[in-house]
Amino acid sequence: MEQTLLRSRIVHFRDDGHGSPDAALEYFEDGVIGFADGHIALLEDARAARARGLDLAAAEHRPEALVISGFIDAHVHAPQLPVMGSYGEKLLDWLEKYTFPAELQYADEEISRRQSDFFIDALLARGTTSAMVFTTSFAHSAEHLFEAAYRAGMRLVAGKVLMDRNAPAGLLDTAERARRESAALIGKWHNKGRLGYAVTPRFAGTSSREQLAVAGQLLRDHPDLWLQTHLSENPDEVKWTASLFPEARDYLHTYEMHGLHGGRSVYAHCIHLSDSELERMADAGAAVAFCPSSNLFLGSGLLKLQKLRERGIPVALATDVGAGTSLCQLQSMGEAYKVCQLGDYPLGAAEAFYMATLGAARALHLDRHIGNLAPGKEADLLLLNGTLNPLLRERLRHCRDIREELFMYMTLADERIVERTYVGGRLAYLSPLAESL
Ligand SMILES: [Zn+2]
């Protein structure tokens, strides 16, 4: 099998940096990475590689670029690209006015197929090589997304949305349909190639108790599935959920009561949780998808990242498009920095990149396969090129080290610096801006 060799500056992430900041990242000023057969075969300093006899003449040499592992988006809605940036509402009204009408469009299979392909291409153009994705309550929308991700060779987790109350009639399924359609999708797509299935109740407020119980049963029947849903995003949503479930002691309990809480659960937002809920999250090993761009845009609130960190709750960064205003995880990092600043926590670049790479992989239990550039992992990686953005190129000249450079990427850059995206070792995206180089 032919090996692709890239000689460049290379950085990847090994830890959140809280124990030992120096251990958080590994940086090669002049490194070489090789990949073959979909996996990373070597990663080392170029001089060391030459000393042991590797012929570097075979490597493409890009000293100005930066190789980094692909980004992971832990929470994003494929059908919501058409409502990104919609004006004026907070969560519950935003769902009514923008989200549900957009998802109703997916009744049309042609729209669903075309938009799913567009969504996957849009992720790859932003350096996102893996994601945990909501589709719609139409089973065919999950089919179309899995088909597109399978063609791209992506490691992607997704599910059909379960929703049988408090939404337009055209979007509602039933407890029985949720069971039947989810089971069929699981049988067809879970563990096919690099794909995985997540049981996906939208949130407690749009599912009956019967449907939540069905979701819990699916998870018991298939212990290697994921659960993805929303939790405690907005104060009105928290109150509304309490009114729908008077028997629950708090929001998290609405999931716990139905077997929807465990180590493979990923809850988006988690902004307004009580100490008791945080403790139960930590005890279960459940993960949080931190969606700063969405939380600011909808005025939902400010996540206290430190509180989660102190309890050891895994946190993965996410865009939450369409409420998020960018599909680019570099921009999520910049927004995360601002949210954390308002909580008196200066989020460092290594930790921000960790939450979008290895930290996300760990939160999603995918770190055996992806998350950094360690030999043996799947070859999902990016070639970033700060010179593709003229203003950034000027700013980078004043950076003293890799951490400062990374901080520029998360605060001043966007998808324009993604020159190439490799998925499973295959070139899946090449920036049109790179053609002028
Ligand atoms: Zn969401």
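**Domain interface and local geometry**

Between domain 1 and domain 2 there are 10 residue pairs in polar contact, both residues of each pair being at pLDDT 80 or more. On the side of domain 1 that touches domain 2, the elements that give two or more residues are strand S4 (60-69), helix H16 (402-412), strand S15 (418-423) and strand S16 (426-430). The most is given by H16, with five residues. Divided by class, this side of domain 1 holds 16 nonpolar, seven polar and 10 charged residues. The structure described here is a predicted model.

The domain assignment places residues 4-70 and 371-436 in domain 1, and residues 71-363 in domain 2. Taken over C-alpha atoms, the centres of domain 1 and domain 2 are separated by 29 Å. Contact across the boundary involves 33 residues of domain 1 and 34 residues of domain 2. The area buried between the two domains is about 2600 Å², and carbon and sulfur atoms give 65% of that area. Within domain 1, the residues that lose the most area to domain 2 are Phe13, Met410 and Glu415, which together account for 23% of what that side buries. Five salt bridges are counted between domain 1 and domain 2. A salt bridge is also found between the side chains of arginine 155 and glutamate 378, with an N to O distance of 2.7 Å.

Two histidines were examined individually. Histidine 140 lies in helix H4, which spans residues 139-152. Because its relative accessibility is 16%, below the 20% limit, histidine 140 counts as buried. Its side chain reaches the backbone oxygen of tyrosine 106 at 2.6 Å. When neighbours within four places in sequence are left aside, the contacts of histidine 140 are Tyr106, Ala107, Glu109 and Ser112.

Histidine 365 is located in the loop between helix H14 (358-363) and strand S14 (381-384). With a relative accessible area of 37%, histidine 365 falls between the 20% and 50% limits and is therefore classed as partly exposed. Apart from residues up to four places away in sequence, histidine 365 touches Gly263 and Arg264. The side chain of histidine 365 reaches the backbone oxygen of glycine 263 at 2.6 Å. Histidine 365 and tyrosine 354 are 11 residues apart along the chain, and their C-alpha atoms are separated by 15 Å.

Several features of the backbone were also noted. Most residues other than glycine have a negative phi, and most peptide bonds are trans. Against this background, the peptide bond from valine 321 to glycine 322 is cis, with omega near 5 degrees. Glycine 322 is placed in the loop between strand S13 (315-317) and helix H12 (329-342).

Positive phi values occur at asparagine 191 and at cysteine 270. Asparagine 191, although not a glycine, has a phi of about 70 degrees, and this residue is found in the loop between helix H5 (175-189) and strand S9 (195-201). For cysteine 270, phi is near 55 degrees. Cysteine 270 belongs to the loop between strand S11 (265-269) and helix H9 (275-284). At 3% relative accessibility, under the 20% limit, cysteine 270 counts as buried.

Conventions:
Residues are numbered from 1 along each chain as its sequence is written. Side-chain values use heavy atoms; hydrogens and water are left out. Domain bounds come from an automatic or database domain assignment. Contact means heavy atoms within 4.5 Å. Buried area is the accessible area (1.4 Å probe) that two parts lose on being put together, summed over both. A salt bridge is a side-chain nitrogen of Lys or Arg within 4 Å of a carboxyl oxygen of Asp or Glu. A polar contact is a pair of N or O atoms within 3.5 Å; within protein, one must be able to donate a hydrogen and the other to accept it, and residues adjacent in sequence count only if both atoms are side-chain atoms. Helices (H or I, at least four residues) and strands (E, at least two) are DSSP runs, numbered from the N terminus. Ala, Val, Leu, Ile, Met, Phe, Trp, Tyr, Cys and Pro count as nonpolar, Asp, Glu, Lys and Arg as charged, and the others, Gly among them, as polar. Buried means under 20% relative accessible area, exposed over 50%, partly exposed in between (1.4 Å probe, protein chains only).
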